[in-house]
Amino acid sequence: MARLRIYDRRERALVRLADTLLWPISMARRVPTLRRVFDGAHGAAPRRILCLRLERIGDLLMTLPALAELRTLAPDAEIDLIVGSWNRDIAGAIPGITRVEMADAAWLTRDGKGSATAPLLARAATWRSRQYDLAINFEPDIRSNLTLGAVRAMRAAGFVSGGGGAVLDVRLDYDATSHTEDNALALVRAALGASSGTTPMPVLAIPDQSRAEAERRLAVLPDGRRIGLHVSGGRAIKQWPDSRFRDVAEHVVRTRDASIVLTGAPGDRAQVEIVRSALPADRVLDLSEGTNLLTTAAIVQQLDLFVTGDTGPMHLARAVGTPIVAVFGPSDPRRYGPRGVRDVIVRIDLPCSPCNRIRLPPARCTGHTPDCLNGIATAQVLAAIDEALEGRA
């Protein structure tokens with residue numbers, strides 16, 4: 001049985017029990033007479049492929065190289081992508097995808113209003129009529145693996161380290177020492193029986209309408225450098241102090257003749273205001289009133305630099321080729337960091353960091369800025385900005 005990489009002991013025990021009960025399914029799937037067999041290495045190429053990526057925006061964007069590889073390995077296949085509704089627009093801009101469909105899982109929504117496991121399984125069963133040759137789940141989680149199993153594709157591929165390996169034909173252990181992009185690539189290659197290779201990072205296909213809106217919005221700023229800032233860390237455990245983002249913004253406006261573009265959602269307004277109110281009105285563009293993701297992507301693509309924590313917008317900047325200065329604390333940049341040639345990661349070395357305990361932070365790190373972020377000075381980020389801008393020149 002696979003080693004489970006689940007923080008919570010109780011949850012790990014429940015998943016292990018479920019895996020034990022599911023084991024007869026695994027045995028049945030090994031009997032050729034009980035299932036249709038597809039082997040990407042020796043049989044016909046898949047004609048219809050289903051991909052599950054139900055998590056947040058950054059998780060989807062880190063799957064772009066794997067989806068590009070999938071299209072390369074199966075050039076004539078229909079590739080359907082199932083995502084959370086928050087990723088609708090971004091998913092529609094991924095090259096090579098045939099159909100995008102939304103499914104909100106309750107365990108991944110911020111408000112808990114998505115579908116529980118049983119309704120999601122029932123919905124997945126309705127996808128059987130499409131007769132998928134291959135189904136791939138990029139999320140290491142027993143619930144989404146079970147969802148994949150309900151589709152009854154000829155061949156199912158996924159990660160076993162979150163449980164649910166019994167419903168999979170191709171089972172990979174999620175490598176916690178490798179980047180999320182590399183894990184996704186390894187899964188696609190295993191599912192298609194392909195050897196390793198080099199896959200360039202694809203660029204989102206941003207619609208002309210979004211590009212035109214981006215030009216209109218950016219026209220209010222003077223000529224010169226334009227630097228994006230995403231103040232919100234998304235979670236308290238990943239939040240570099242708002243006041244330091246403000247100090248960074250003030251400094252680059254004053255000393256580097258730059259304008260600032262502030263990204264964020266309506267829920268980030270209070271944090272964004274801390275930075276915006278400290279800047280000259282003609283040197284700041286505030287996008288936190290609710291700019292759609294594709295327009296934001298088009299704007300970020302035209303920036304000289306994007307400064308952020310480990311966030312979804314960080315991955316959005318990566319997906320449109322904008323250089324990044326990323327402030328990392330508890331999350332491991334080896335697994336989640338941007339990988340562009342001009343990207344700069346700012347962090348400090350502590351014995352406990354990176355712990356990667358984002359959803360279940362240590363008690364001593366809650367209620368205040370954790371030491372791994374509090375120890376990062378404004379001067380370090382400013383030095384990283386200079387390094388990235390020099391590479392941009």
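This is a predicted model: local features need pLDDT of at least 70, side-chain atom pairs count only at pLDDT 80 or more; totals for chains, interfaces and linings use all residues.
Arg283 sits in the loop between helix 10 (269–276) and strand 9 (284–286). Color by accessibility next. Arg283 has 18% relative accessibility, so it counts as buried, the cut-off being under 20%.

Now show the side chain of Arg283 and look for its polar partners. Select Asp257: its side chain and that of Arg283 are joined by a polar contact of 3.0 Å. Move to Ala258.

Leaving aside residues up to four places away in sequence, Arg283 touches Leu221, Pro222, Val253, Asp257, Ala258, Ser259 and Ile260.

Next stop: a helix pair. Select helix 8 (residues 208–218) and helix 11 (residues 293–301) and draw their axes. The axes come within 8 Å and cross at roughly 60°. Helix 8 is therefore oblique to helix 11. Which hand does the crossing of helix 8 and helix 11 have, left or right? The crossing is right-handed.

Show side chains on both helices. On helix 8, pick Ser210, Arg211, Glu213, Ala214, Arg217 and Leu218. On helix 11, pick Leu294, Thr295, Ala298, Ile299 and Gln301. These residues make the contact between the two helices.

Finish by coloring the contact residues by type. How do the residues of the contact of helix 8 with helix 11 divide? Expect 5 nonpolar, 3 polar and 3 charged. Among the charged ones are Arg211, Glu213 and Arg217 of helix 8.

Notes
Residues are numbered from 1 along each chain as its sequence is written. Side-chain values use heavy atoms; hydrogens and water are left out. Axes are lines fitted to C-alpha atoms, for helices over the stretch in contact, and angles run from 0 to 180 degrees between N-to-C directions. Helices (H or I, at least four residues) and strands (E, at least two) are DSSP runs, numbered from the N terminus. Angles under 35 degrees count as roughly parallel, over 145 as roughly antiparallel, 65 to 115 as roughly perpendicular and the rest as oblique. A crossing is left-handed if the near helix is turned anticlockwise from the far one by less than a right angle, and right-handed if clockwise. Contact means heavy atoms within 4.5 Å. Buried means under 20% relative accessible area, exposed over 50%, partly exposed in between (1.4 Å probe, protein chains only). A polar contact is a pair of N or O atoms within 3.5 Å; within protein, one must be able to donate a hydrogen and the other to accept it, and residues adjacent in sequence count only if both atoms are side-chain atoms.
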